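Please read these notes with the model open beside you.

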Amino acid sequence: EIEELERRYRRIEDILPLSPLQEGLLFHALYDERAADVYTVQLVLGLQGRLEPAVLEAAVQALVQRHGVLRACFVHDLSRPVQVIVPTVRIPWQQVDLSMLPAPAREQQLSEWLLQDRGRRFDLASAPILRCALIRLSADSYRLGLTNHHILMDGWSLPILVRELLTLYGERGDARALGAVAPYRDYLAWLSRQSRPEAIAAWREALAGLEQPTRLAPASPAGTTAQAGHLTLSLSAEQTAALTQQARGLGVTLNTIIQACWAILLGRLTGRDDVVLGITVAGRPGEIAGIESMVGLFINTLPLRVELPPGQRFGALMRDLQDRQSRLMAHQHLGLAEIQTLAGLGELFDTLTVFENYPADDLAAEAQGNDQGLRVAGIAGHDATHYPLSLLAAPGTQLRLRL
């Protein structure tokens with residue numbers, strides 16, 4: 001199989017296994033190659049100042065050369081799927097000039113261009129699975145669109161990349177100003193050392209006695225696709241402070257309260273007192289050196305079972321929920337498909353809750369700019385999941401909820 005890969009790619013830097021979620025995302029990408037891929041992620045940076053496009057392109061290229069994970073492609077027709085890291089790639093770079101248009105038309109054209117770009121699928125077997133576009137809006141106002149497949153990296157990785165990109169721009173592509181890279185390979189090596197039998201036993205115990213999955217959406221005909229829509233709600237600063245104080249008083253995290261409230265809602269909608277929801281976990285174990293600065297896909301999607309006895313008090317439910325998750329924390333590396341097989345009930349859930357605990361504020365902090373007179377003036381992003389219903393909670397002075 002290695003010889004076959006060498007025939008296909010000629011030059012190979014490394015061959016690595018996939019993380020559990022990477023395997024899941026690869027499956028979804030291959031399941032219907034004609035439909036839009038909901039796991040195409042787009043980050044849009046607003047840039048203001050004296051920008052040199054050629055220098056920024058060189059910085060992007062240096063960033064990709066620095067992180068092997070950004071040069072990965074994915075092969076599935078072997079005895080097991082692998083990711084192949086190629087030594088060099090050329091990132092697709094496009095420049096678009098909308099500065100001659102009047103302001104309303106300019107914004108409309110920008111939105112339409114970004115939408116069309118998100119609709120272009122990646123060939124996961126061919127690196128790079130990342131492309132960039134620099135869109136000029138005026139003499140000193142630009143948008144930099146970074147579009148990639150989610151299989152490459154998670155949200156925590158984005159502030160790292162933005163910070164390094166601005167540094168590389170200031171150094172005109174010279175990476176010596178940055179420290180050594182903590183490679184994603186170290187995380188995959190850690191994964192391979194974890195005890196699968198212990199994880200299986202823990203998940204089997206957690207799901208013991210579960211009689212049915214928790215699914216809200218009706219079954220859709222094969223091949224049915226739809227665009228993701230979003231509803232957002234921001235709690236007031238006073239509401240957020242009160243909720244945070246409530247969590248502290250109960251000795252639980254804000255994330256636990258969000259999950260418990262969602263579970264109670266699922267119980268009421270389905271008429272059940274034993275429900276399962278999907279959760280996304282960060283998956284960055286603290287014992288790996290440099291884990292906080294690694295770029296890659298560390299998150300995992302897992303089932304969260306919540307039993308809702310009618311007589312249980314709210315505080316007791318919170319603490320029980322957090323205790324259960326703490327016991328499973330050492331086993332969050334197991335893949336969702338394998339966990340669902342243990343339960344023997346098919347897909348256990350069709351709703352997902354995500355608590356954005358990565359340092360998103362770091363992105364805003366980069367707005368201070370650099371010595372080259374360039375600053376980040378705004379940040380926007382687009383992502384979605386294949387689940388019919390997802391709830392994203394973004395903490396801050398005002399807790400933001402996106403349905």
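1. Is Asp77 buried, partly exposed or exposed? Asp77 is partly exposed, with a relative accessible area of 47%. Buried means under 20% relative accessible area, exposed over 50%, and partly exposed in between (1.4 Å probe, protein chains only).

2. A word on the source. This is a predicted model, in which local features need pLDDT of at least 70 and side-chain atom pairs count only at pLDDT 80 or more, while totals for chains, interfaces and linings use all residues. Residues are numbered from 1 along each chain as its sequence is written, and side-chain values use heavy atoms, with hydrogens and water left out.

3. Asp77 forms a salt bridge with Arg8, their closest N and O atoms being 2.9 Å apart. Arg8 lies in helix 1 (residues 2-9) and Asp77 in the loop between strand 3 (72-75) and strand 4 (82-85), so the pair ties together parts that are 69 residues apart in sequence. A salt bridge here is a side-chain nitrogen of Lys or Arg within 4 Å of a carboxyl oxygen of Asp or Glu. Helices (H or I, at least four residues) and strands (E, at least two) are DSSP runs, numbered from the N terminus. Arg8 is partly exposed, at 35% relative accessible area. Both Arg8 and Asp77 belong to a salt-bridge network that also has Glu4 and Arg7.

4. By the salt-bridge rule the count comes to 19. One of them joins Asp14 and Arg185, at 2.6 Å from N to O. This pair links distant parts of the chain, with Asp14 in strand 1 (residues 14-16) and Arg185 in helix 6 (residues 184-192), 171 residues apart. Asp14 is buried, at 19%, whereas Arg185 is partly exposed, at 43%.

5. Arg176 and Asp174 also form a salt bridge, with closest N and O atoms 2.7 Å apart. Arg176 counts as exposed at 73% relative accessibility, and Asp174 is partly exposed at 26%.

6. The second largest pocket holds about 330 Å³ of space. Of its 16 lining residues, Ala202, Ala206, Arg324, Arg327 and Leu328 are the closest to its centre. On a 1 Å grid over the protein atoms alone, a pocket is an open set of points where a 1.4 Å probe fits, with protein on both sides within 12 Å along at least five of seven lines; lining residues have an atom within 4 Å of a point. The volume is the space filled by probe spheres set on the points, which are joined across faces, edges and corners.

7. Strand 10 gives the most to this lining, with 5 residues.
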